[in-house]
Amino acid sequence: EKSDYFIDYNVNSFVGRREELEYLVSVAFQNQTVIHGESGIGKSALMCKLYSLLVQGAGADTLILFHSAGVSSYAQSVFDVATSWMRQIYAWLGKPEIGDNRPLIDHFRVLMAYARERGKRVLVMIDALDRFLVDNDSRFLPFIPDELPVVISVLPDRVESLKLQHP
């Protein structure tokens, strides 16, 4: 799969930045973190290395949802990403996928609440958020509950317009 190749490539080419990486590992599950910088400085490599380390240390009670919007033009739809993550969450929770008449945003939030009630931890990681198709969904990330920890990478000119808390 393209994202697996992308992650492996970036993990294998990662060098230095140990202090930043150690800090990110320590705060990843605690809050909403934004990694920002100019194009080409290594945000994606840092995100992939962080993902790799977190997955290695994660137990069965932890799910890390990773997405890079920069992998391909097919990776730039918030709806498609949320739908894919929903399938992963159902599998992780051992629940059959249930057709639900609720909007996708509400459905995702209900699944996150269900996971938390059972002592599960979820972390959302989005690399190159600025590469998502421009719409309100990519700015507000409405399907992500406010209390869910998030690590995002974005270009510096997009940080101000990023609203992690929902309107």
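**View 1. The chain has 6 helices and 4 strands.** This is a predicted model. From the N terminus, the elements follow the order α-α-β-α-β-α-α-β-α-β. Of the 167 residues in the chain, 45% are buried. The chain exposes about 9,000 Å². Carbon and sulfur atoms supply 50% of that area.

**View 2. Strand β2 covers residues 62–68.** Here 7 of the 7 residues are buried, so the strand is largely enclosed by the rest of the structure. In a regular strand, side chains alternate between the two faces of the sheet. Both faces of β2 are covered. Thr62, Ile64, Phe66 and Ser68 are buried on one side. Leu63, Leu65 and His67 are buried on the other.

**View 3. Strands β2 and β3 run parallel.** Strand β3 spans residues 121–127. The two strands are joined by 7 bridges. Ile64 of β2 stands opposite Leu123 in β3.

**View 4. Strand β4, residues 150–154, is mostly covered.** Buried residues account for 5 of its 5 positions. Val150, Ile152 and Val154 lie on one side, with Val151 and Ser153 on the other. Both faces of β4 are covered.

**View 5. Strand β4 pairs with β1 and with β3.** Strand β1 is made up of residues 32–36. Its pairing with β4 is parallel, over 5 bridges. Gln32 stands opposite Val150 in β4. The pairing of β3 with β4 is also parallel, over 3 bridges. There, Ile126 has Ile152 of β4 as its bridge partner.

Methods:
Residues numbered from 1 in each chain as written. Predicted model: local features only at pLDDT ≥ 70, side-chain atom pairs only at ≥ 80, totals over all residues. Heavy atoms only, no water. Buried < 20%, exposed > 50% of the residue type's maximum accessible area, 1.4 Å probe, protein only. Pairing = 2+ DSSP bridges. Areas by Shrake-Rupley, 256 points an atom, 1.4 Å probe, with all protein chains shown as cover.
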